[in-house]
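Subject: Structure for your review

Dear colleague,

Please find below the structure that I am handing over to you. My notes on what was found in it follow directly after.

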Amino acid sequence: MKLPSHDAAARTPGDGGHRVHLPHFPAGPLRQVARRLLLALLVLVLTVAIVYVDRAGYHDNADEQVDFLDSVYYSTVTLSTTGYGDIVPYSDSARLSNILLVTPLRVLFLIILVGTTLEVLAERTREQYRLNRWRSALRDHTVVVGFGTKGRSAVETLCATGLPKNRVVVVDPNQEVIEAANAEGFAGVVGDATRSDVLLRAEAQRARQFVIATQRDDTAVLVTLTARQLNRGANIVAAVREEENAPLLRQSGADAVITSASAAGRLLGMSVQSPTAGAVIEDLIQQGTGLDLVERTVVKAEVGKSVRDTEDLVVSVLRGHRLLAYDDPAASPLQAADRLITIVRAPMVQE
């Protein structure tokens with residue numbers, strides 16, 4: 001089922017969509033062909049000029065005179081190696097110019113035309129090889145649906161925590177958005193993410209996690225349903241505008257739902273009442289500067305200790321599927337399988 005939507009992440013371009021775009025694409029084949037055709041034309045013009053200047057040394061079987069049109073005709077059939085023999089050089093100077101100038105130009109002309117075809121075919125073969133190698137090596141990656149403000153910020157945060165750019169695939173229906181993602185080093189797929197064939201091009205069935213950052217909540221629901229159908233074990237994080245739609249996202253298969261509008265509103269209200277507290281929260285949100293909120297495993301030296309005895313400032317303890325507050329009596333002592341949500345300084349995370 002597909003709901004009507006005007007969302008940028010639910011509009012698919014023409015038949016040229018649904019393609020995988022890898023970073024660092026070479027110049028387009030049409031541009032290469034046009035450039036080589038221009039070079040071939042310049043070679044033809046140069047050959048015509050050489051023949052026309054020495055036209056007295058050529059013999060035309062039709063009227064025994066070689067004019068400008070005959071020079072163009074002779075240059076064309078000579079460069080293309082057709083050679084009808086109706087116009088031939090008979091003087092020594094004309095034959096010498098054919099040996100030293102026209103013959104090299106003929107070879108250059110053929111190299112340009114034949115080389116264009118070979119280069120375009122070779123480029124397509126290389127691109128297909130890169131795409132096949134990329135698909136075969138892609139495992140446990142992150143699929144980001146929507147590369148607007150929210151999606152781009154999410155990717156920047158993930159990369160700041162150590163996620164390689166080659167483990168990120170961006171899905172968006174806008175060709176220009178995918179080109180911008182390619183320029184930043186991310187692979188991209190042009191297409192509607194609510195369709196399973198588009199997500200399959202992003203190897204969604206082998207992804208570790210999904211970041212769904214569409215502009216409309218109904219689109220986010222459909223993308224979440226499609227992603228969960230293709231990948232039962234992936235971690236799906238989705239953003240919604242309205243808080244009332246968050247339960248629907250969770251029922252659709254999202255593991256975590258972020259309400260962007262209400263979260264921004266709460267931060268605004270906190271900043272009004274306590275500007276300092278609001279600045280601290282904003283600092284925690286901005287990855288890589290000041291204070292960072294990170295999740296890590298319990299080290300061996302911390303096993304059996306109290307939460308308060310750790311070096312970092314522990315906010316919560318994740319034990320299995322239970323999230324325990326730092327002051328929960330059940331959180332201490334720490335166990336080897338626990339994960340800690342801590343506040344640390346950014347330089348410590350970078351190290």
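A right-handed β-α-β unit is formed by strand β8, helix α8 (residues 246-252) and strand β9. Please note that the model is a predicted one. The two strands of this unit, β8 (residues 235-240) and β9, pair in the parallel sense, with four bridges between them.

Which residues touch the most other members of the largest nonpolar core? They are Trp-134, Val-143, Val-145, Val-171, Val-189, Phe-210 and Leu-249, within a core of 30 residues. Helix α7 (residues 217-230) supplies the largest share of this core, namely four residues. A second, separate core has 11 residues, among them Phe-147, Val-170, Ile-178 and Val-190. To return to the largest core, Val-145 is one of the residues named there. Setting aside residues up to four places away in sequence, Val-145 touches Val-171, Ala-193, Leu-199, Val-211, Ile-212, Ala-213, Thr-214 and Val-223.

Phe-147 deserves a paragraph of its own. Where is Phe-147 found? Phe-147 sits in the loop between β4 (142-145) and α4 (149-160). Is Phe-147 buried or exposed? Phe-147 counts as buried because its relative accessibility is 3%, and the cut-off for buried is under 20%. Apart from neighbours within four places in sequence, Phe-147 is in contact with Arg-152, Val-155, Val-170, Asp-172, Val-177, Ala-181, Glu-184 and Phe-186. Phe-147 and Val-171 are 24 residues apart in sequence, and their C-alpha atoms are 7.5 Å apart in space.

Another buried residue is Ser-71, which has a relative accessible area of 0%. Ser-71 belongs to helix α2 (residues 68-79). Not counting residues up to four places away in sequence, Ser-71 touches Val-48, Val-51, Tyr-52 and Val-66.

An unreviewed UniProt entry lists residues 37-53 and 99-122 under "transmembrane region". In the model, the span 37-53 is 100% helix and 0% strand, and its end C-alpha atoms lie 24 Å apart.

Finally, some totals for the protein chain. The chain has 11 helices and 13 strands. Of its 351 residues, 38% are buried. Among contacts with a separation of 6 or more, 66% are between residues 24 or more positions apart. The chain exposes about 19,900 Å², and carbon and sulfur atoms supply 58% of that area.

Yours sincerely,
A colleague

Definitions and conventions
Residues numbered from 1 in each chain as written. Predicted model: local features only at pLDDT ≥ 70, side-chain atom pairs only at ≥ 80, totals over all residues. Heavy atoms only, no water. UniProt positions renumbered as here; feature names shortened; annotations may be inferred. Core = buried A, V, L, I, M, F, W, Y, C linked by side-chain atoms within 4.5 Å. Buried < 20%, exposed > 50% of the residue type's maximum accessible area, 1.4 Å probe, protein only. Contact = heavy atoms within 4.5 Å. Areas by Shrake-Rupley, 256 points an atom, 1.4 Å probe, with all protein chains shown as cover. Pairing = 2+ DSSP bridges. Right-handed = clockwise from strand over helix to strand, strands pointing away.
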